[in-house]
Amino acid sequence: MVKTRSMRKQEQEAAAVRKNGKGFSGGAGASTESEFGGPLGVSLMMLGLPVTIWGLFLFCNEKEGLCPDWSRLPDLDSYTFYSHEAMAVILGWILFLVLLWKLLPGTWATGVKLPSGERLQYKLNGFVSGVVAVAVLGLCQFYEVIDLVWIHDHYLELATCSIIFSLVMSVSLYVSGRLKYSIPSAYLAGPGSTGNVIQDFFMGHELNPRIGNLDLKQFCELRPGLIGWGVLNASCALKQYRETGQVTNSMYLVNAFQLIYIVDALWFEQAILTTMDITTDGFGFMLVFGDLAWVPFTYSLQARYLAAFKSGVNMGTLTVIW
């Protein structure tokens with residue numbers, strides 16, 4: 001392929017970024033600041049965030065009781081942190097949503113202008129994908145093809161597998177971004193182009209990594225974790241019903257209010273194209289972990305708590321809340 005003068009200039013800029021450790025805010029200028037306390041700060045976050053997810057489970061479950069003893073650690077040997085079955089579920093869920101993205105109809109929206117002058121195209125069918133995904137799961141539950149209560153009962157394993165997947169994906173994205181020596185500077189993320197491996201890995205080196213027309217960052221922001229959050233909540237409600245024969249008003253409220261949040265995000269999917277997550281931040285550990293692990297497995301804490309410890313509200317309180 002014959003390279004134009006502008007293409008050669010962009011390649012030289014990208015090489016300069018890697019050699020000199022200078023970054024670009026979406027390709028718009030050098031980045032001299034390290035966010036979140038620099039390499040030390042992001043290292044502590046990468047260690048602490050997974051521990052937080054595990055801790056929220058270990059100190060809030062049926063085994064530890066309503067008021068756990070904070071003076072001692074839970075008996076870790078009594079818990080299963082990982083299983084191949086759970087990993088298969090995580091991988092299958094993501095692949096299923098990719099398939100829905102590909103096959104279901106959707107509109108194509110134009111993103112904001114990049115420093116290169118280019119505007120990327122994004123397929124928007126998140127709401128339809130969410131409806132179809134929930135419908136498929138509902139039908140499978142009704143005809144006893146699957147049991148959604150399994151999700152609640154293997155919550156810790158699923159969380160661990162999501163953490164592992166997030167780490168592997170983050171490493172792959174960083175290595176891929178670094179190996180693309182000809183990537184124009186306009187496609188590099190400023191916060192993730194400091195020249196420090198740890199900082200850039202956490203913040204994300206490449207601005208908009210893609211596989212074909214599938215924008216990985218946009219997909220992960222609103223699909224696996226967000227829709228998965230709703231599925232986790234539903235599994236907690238089913239668990240409560242199976243254990244007690246009813247679903248409490250509190251559980252209905254948690255599921256309803258959080259579902260409103262999820263539906264709103266999917267219905268107004270195009271709004272995400274102007275957020276800094278898409279326009280400025282690279283796609284690194286921070287966003288990958290946040291989208292795929294943190295959102296579903298911390299935001300569902302309330303529903304999981306109610307499944308373990310029955311707590312209801314009377315009709316008067318319920319009416320006032322609504």
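Mentor: Let's start with Arg 242, which is partly exposed because its relative accessibility is 48% (buried means under 20% relative accessible area, exposed over 50%, partly exposed in between, with a 1.4 Å probe and protein chains only). Before going on, note that this is a predicted model, where local features need pLDDT of at least 70 and side-chain atom pairs count only at pLDDT 80 or more, while totals for chains, interfaces and linings use all residues. Residues are numbered from 1 along each chain as its sequence is written, and side-chain values use heavy atoms, leaving out hydrogens and water. As for confidence, pLDDT is the predictor's own score for each residue, from 0 to 100, and the chain's mean is 86.

Now the partner: Arg 242 pairs with Asp 147 in a salt bridge, with 2.8 Å between the closest N and O atoms (the cut-off is a side-chain nitrogen of Lys or Arg within 4 Å of a carboxyl oxygen of Asp or Glu). Arg 242 belongs to helix α9 (residues 224–244) and Asp 147 to the loop between α4 and α5 (149–153), so the pair ties together parts 95 residues apart in sequence. Helices here are DSSP runs (H or I, at least four residues), numbered from the N terminus. Asp 147 is partly exposed too, because its relative accessible area is 34%.

For contrast, look at Glu 269 and Arg 223, another salt bridge, at 3.0 Å between the closest N and O atoms. Glu 269 is buried at 3% relative accessible area, and Arg 223 is buried at 1%. The whole structure holds six salt bridges.

Technical notes
Helices (H or I, at least four residues) and strands (E, at least two) are DSSP runs, numbered from the N terminus.
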